[in-house]
There are 2 protein chains.
Amino acid sequence: MAVSKETIVEASIKILNRDGIEGLSMRAIAKELNIKAASLYWHFSGKLDLYGAIAECLCSYYEMPEESCNPKDYLVLSYRAYRAILLSTRDSVPVLENSIPNTPHRLEIINAISKALLKVGFKEENLMTVSNLLNNYVLSFVADECRFKNTPLDKIQELEKMFNPQDSLLLRATNDFDEQFSFGLRVLFAGLEAVDICAR
Amino acid sequence: MAVSKETIVEASIKILNRDGIEGLSMRAIAKELNIKAASLYWHFSGKLDLYGAIAECLCSYYEMPEESCNPKDYLVLSYRAYRAILLSTRDSVPVLENSIPNTPHRLEIINAISKALLKVGFKEENLMTVSNLLNNYVLSFVADECRFKNTPLDKIQELEKMFNPQDSLLLRATNDFDEQFSFGLRVLFAGLEAVDICAR
DNA sequence: ACCTGAACACCGTTCAAGT
DNA sequence: ACCTGAACACCGTTCAAGT
């Protein structure tokens, strides 16, 4: 049974979750599929092309919120769903960052969010700036979140002592990631409205 | 004449500016200094240790703004200076991201900014959250800025057409990076105040 | 104290050749 | 259409040995 783009992507995601992006070598993917690394180049032009396919697959699981509700809630729900996808697969952030969002599902997400941003009242000329700001927020938040979750407790306490010689404020602050993520979103939306590139 | 940690870092920065982080291999650094790659391991425990030293060196050029002016201006000037350092050396962002900020100059910057954030009125329990938000903003902004500047014009126009079938709004929006950077900072500060984790 | 040679265990990618 | 063997040009890191 011949492999396909789909089975290669599937195997890649399996390896990502097991070994992280460090372990995602062409040879490792090939081994997972019982073929040789060179064969992968018949399906993909190179590693970045494969990253693009992985990212596209991840984004295909994106659950579009209901159109009906008000556009601001829609945006918050969109970004929550975006984060959920990023959290579902280990090291998804560098995969997304190193691939161009020119595939159907990724463009669909971008378009849906762009439309909602315009509905909320952001000026069209600021659309790219605003969506970049929000996109970077989500990506860097999740990257930090994963780094934190993959750091052993003693290392964290070591770092804590450096930044805050008193006591462990850091841990208390960073424990609830859902709440922290929502907090950041509130900050960004409030800020964007206040700086009145918003029409209303 | 034997090399030292300093000359190794110097050579590394030279290579970064010339070839980017892809070109910064242990062998390339050694060649630049007319030694062999294995020798570097007498000075540094590994590549991440070297990244830490490069980051520390870059941060030593940080120009602390005057203490006297009001704390909010101080913060804006701090983040501008931070961005200036990141822009001064190619691919500095991944170097910073992959090293632990436990060296003197980096801690100095973190402490100075923390103090200013508290002065502005942010609650101590939110200090880490707020400074992470701002730090991530600067890093991801500069990463995008560099990506944009290193992308040939025809590639950019190709992408533009994908996101905005009408015309080239993107280019107009992203031309002035200084202004864009300040815009993002204004958004974040306005948002942080509005979400009233700010005491005043 | 500082450096090297040689090796180990890897990478991504190419390409003629196989079926 | 799909895969392989073999090679090319690299990596980071270790370690006994040299001066």
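Ser4(A) counts as partly exposed, with a relative accessibility of 23%. Burial was scored on protein chains only with a 1.4 Å probe: buried is under 20% relative accessible area, exposed is over 50%, and partly exposed lies in between. The model is predicted, with local features requiring pLDDT of at least 70 and side-chain atom pairs pLDDT 80 or more, while totals for chains, interfaces and linings use all residues. Residues are numbered from 1 along each chain as its sequence is written, chains are lettered from A and ligands numbered from 1 in the order in which they are written, and side-chain values use heavy atoms, without hydrogens and water.

Ser4(A) sits in the segment before H1 of chain A. Its C-alpha atom is 7.3 Å from that of His43(A), a residue 39 positions away along the chain. H1 itself covers residues 5-19 of chain A. Helices (H or I, at least four residues) and strands (E, at least two) are DSSP runs, numbered from the N terminus. The 15 residues of H1(A) reach 21 Å from first to last C-alpha, close to the 21 Å expected at 1.5 Å a residue. The expected span is 1.5 Å times one less than the number of residues.

The buried residues of H1(A) are Ile8(A), Val9(A), Ala11(A), Ser12(A), Ile13(A), Ile15(A) and Leu16(A). An α-helix has 3.6 residues a turn, so residues three or four places apart point the same way. The cover over the buried residues of H1(A) includes H2 (26-32), H3, H4 (47-59) and H6 (92-97) of chain A. Contact here means heavy atoms within 4.5 Å. Gly20(A) follows H1(A) and has a positive phi, near 75°.

Chain A has eleven helices and zero strands. Its C-alpha trace spans about 55 × 45 × 25 Å along the principal axes. Of its 200 residues, 48% are buried. Among contacts in chain A between residues at least 6 apart in sequence, 69% join residues at least 24 apart.

The two chains were then compared.

A residue is near a strand if one of its heavy atoms lies within 4 Å of it. There are 17 such residues around DNA strand D, and Lys36(A), Ser39(A), Trp42(A), Arg27(B) and Lys47(B) come nearest. H3 (40-43) of chain A and H2 (26-32) of chain B each supply at least two residues of this surface. By class, the surface near DNA strand D has nine nonpolar, four polar and four charged residues. Ala, Val, Leu, Ile, Met, Phe, Trp, Tyr, Cys and Pro count as nonpolar, Asp, Glu, Lys and Arg as charged, and the others, Gly among them, as polar.

Of the atoms of DNA strand D within 4 Å of the protein, 60% belong to sugar or phosphate and the rest to bases. A backbone N or O atom of Lys36(A) is 2.7 Å from one. A side-chain N or O atom of Ser39(A) also lies 2.7 Å from a phosphate oxygen of DNA strand D. For the side chain of Ser25(B), the distance is 2.9 Å.

DNA strand C is likewise surrounded by 17 residues, the closest being Arg27(A), Lys47(A), Lys36(B), Ser39(B) and Trp42(B). H2 of chain A and H3 (40-43) of chain B each supply at least two residues of its surface. Sugar or phosphate accounts for 59% of the atoms of DNA strand C within 4 Å of the protein, and bases for the rest. A polar backbone atom of Lys36(B) lies 2.7 Å from a phosphate oxygen of DNA strand C. The value for a polar side-chain atom of Ser39(B) is 2.7 Å, and for a polar backbone atom of Val3(B) it is 3.2 Å.

Two loop residues of chain B have positive phi. Asn34(B), not a glycine, has a phi of about 55°. It is found in the loop between H2 and H3 of chain B and is exposed, at 73% relative accessible area. Asp91(B), also not a glycine, has a phi of about 60°. Asp91(B) lies in the loop between H5 (71-88) and H6 (92-97) of chain B and is partly exposed, at 24%.

Note on methods. Polar contact = N/O pair within 3.5 Å; in protein donor to acceptor, adjacent residues only side chain to side chain.
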